[in-house]
Amino acid sequence: MTDPTTTLYRDGRVFTADTDPARAWATAFVVTGDRIVWVGAGSDTAPAADRVVDLGGRLVLPGFTDAHTHLLMMGAALGQVYLTDARSLDDILRLLQEARAADPEATVLRGRGWLFDAVPGGAPTAAMIDAVLPDLPVYLDANDYHSCWVNTAALAELGITRDTPDPIGGEIVRDADGNPTGLLLETAATEYAWGQRDAATTDADRDAHVERAIEAYLATGVTGVVDMAMDEFGLAALKRAQERHGGELPIRVAAHWLVTNTGDDAANLAQVERAAQLAAEPSTSWLRVVGIKLILDGVIDACTAAMRQPYANGTNADPIWPLERLKPVVAAADAAGLQIAQHAIGDYASTIALDAIEHAVAENGDRPRRHRIEHLEYAAPGTAERMARLGVTASMQPVHSDPAIFDNWVEMLGDDRVDRAFPWPEYEDAGALLAFSTDSPTAPHQALANMYVASTRASALDPSVPAKQPQHAVPLERAVGHATRDAAASVGDGDWRGRIAPGFAADVAVLDADVFEDGAASLLRARVIETVVAGRSAYSA
């Protein structure tokens, strides 16, 4: 076996993401094999190297970790009709017609990203799509992926009629006569529309989705991801990808196994047991199951997030996981050493998420644990402090607060709760670990655009839209730290990746602009020119 190559990277602007300001910046670093072995200011005292790379003053960041994403869904979404830019029903229908004309032999049409406030009354119907596309099934995932809008042909394909029951935690929206309107909410979307999608998707399709998503991430400086809805299909696809790439994926994947509420404790616990089996299997840093994912509620845009107080229209939503069903699952996963990630957007959902964790601590006693709550779009005052006491990570997505898509969120709450939307500094001040991510494909996957929203509260989707709630923005250095160092730490990797430091994985991104010096707007123009993973160039512009 030959000795690993040692490479000196010199003359750079190197942001290390060290929490000590005195060590946050360097100009050079040395990589031996897959690890960083030296970091410093100037290269005169660097170890001897076999190879020298002159960075030419370019900015170097630790590789980003997207701490909450859906890898295969993202790969699929990148090949679907993109609807987020559509601001009216006419725009949506035009894009669907254009997609149909571009592929007249297609037997199904799938789109993603539509916004509720682009549809009259926020109430999409099958008839709206039927007016232009009555001849093939059409499935359109909402921007938040918690609703699916379908046409009459799709309802027929799914076998949904007025007699079809609502699943636990979901709703088949119906008209005054009880007939399905074409909108599937929460588990009605996942069980029916996504179930049909999974059945129609081949292994070859999934393989293509994996490769497409990985390529897209590497091009934006992302070197690791945390998949938040892993299932048998996805895990098998990633294992095949690992084989294709010689046993190592091009990107590091930590996965949370999706556990759904069946309404039966034994069946729910069987899902936890399967996750524990997978987590116990031999694995590497490239692909491993680290925990479970529980979806406790829906989203504010569709009034399906579980809130303590009603929405502006007087409605409210029950949690998908009532506390009596939640407690045994969380306790069992905690006892098995699994990390528990709970989707909780509304303040009632985040409250019962913490109640369940406290119950698990009481049941299982002191043990190492780092659980998470995902999204936290609106949480009650004091939630951040409670999370800090319990060692629970706040996993949040700046791009979900993009002002270009924020108006409907505001309208649904309609009161002073809006003032505390996505309050990232609360979690910093409380001492909770704050990890940034994108939740792609519910939002764009580009890491630099995410940092733009995080550090400005302005819009990356439409820069002409002014910032909203700028008091909740965080300075760029802190934002990048949350998306690199803290995102890696959110799955227990904070001692070996996420920073540019001796002993850490050589996962870095080189940019063509210094976004710290050039101002926030440069985050929307800057490009990654090289992504290095485990000391090897994984992407070069």
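Which side chain meets that of R536 in a salt bridge? The partner is E248, at 2.6 Å from N to O. A salt bridge here is a side-chain nitrogen of Lys or Arg within 4 Å of a carboxyl oxygen of Asp or Glu. R536 lies in strand β24 (residues 536-540) and E248 in the loop between α7 and β16 (252-258), so the pair ties together parts that are 288 residues apart in sequence. Helices (H or I, at least four residues) and strands (E, at least two) are DSSP runs, numbered from the N terminus. R536 is partly exposed, at 46% relative accessibility. E248 is also partly exposed, with a relative accessible area of 32%. Buried means under 20% relative accessible area, exposed over 50%, and partly exposed in between (1.4 Å probe, protein chains only).

The model is predicted: local features need pLDDT of at least 70, side-chain atom pairs count only at pLDDT 80 or more, and totals for chains, interfaces and linings use all residues. Residues are numbered from 1 along each chain as its sequence is written, and side-chain values use heavy atoms, with hydrogens and water left out.

The salt bridges come to 32 in count. Side chains of opposite charge can pair when their charged atoms come close. D54 is partly exposed at 44% relative accessibility. R10 is partly exposed at 35%. D203 bridges to R240, with the closest N and O atoms 3.7 Å apart. D203 belongs to helix α6 (residues 203-218) and R240 to helix α7 (residues 232-244), so parts 37 residues apart in sequence are tied together.

A UniProt annotation, from an unreviewed entry, reads "domain: Amidohydrolase" and covers residues 51-539. UniProt positions follow the numbering used here, feature names are shortened, and annotations may be inferred rather than shown by experiment. Over residues 51-539 the chain is 35% helix and 20% strand. The end C-alpha atoms of this stretch are 19 Å apart.

The protein is divided into domain 1 (81-200) and domain 2 (258-495), with bounds from an automatic or database domain assignment. Their C-alpha centres lie 27 Å apart. The contact (heavy atoms within 4.5 Å) takes 17 residues from domain 1 and 19 residues from domain 2. About 1,400 Å² is buried between the domains, and carbon and sulfur atoms give 63% of that area. Buried area is the accessible area (1.4 Å probe) that two parts lose on being put together, summed over both. In domain 1, H146, I168 and E186 lose the most area to domain 2. The count of salt bridges between the two domains is 0.

Helix α14 (residues 447-456) is mostly covered, with 10 of its 10 residues buried. Its buried residues pack against several elements, including β8 (64-69), β15 and α13 (424-430). R457 follows α14 and has a positive phi, near 60°.

V225 is found in strand β15 (residues 222-230). V225 counts as buried because its relative accessibility is 0%. Beyond neighbours within four places in sequence, V225 contacts residues including T65, D66, T69 and L71. V225 and E530 are 305 residues apart in sequence and 18 Å apart in space, C-alpha to C-alpha.
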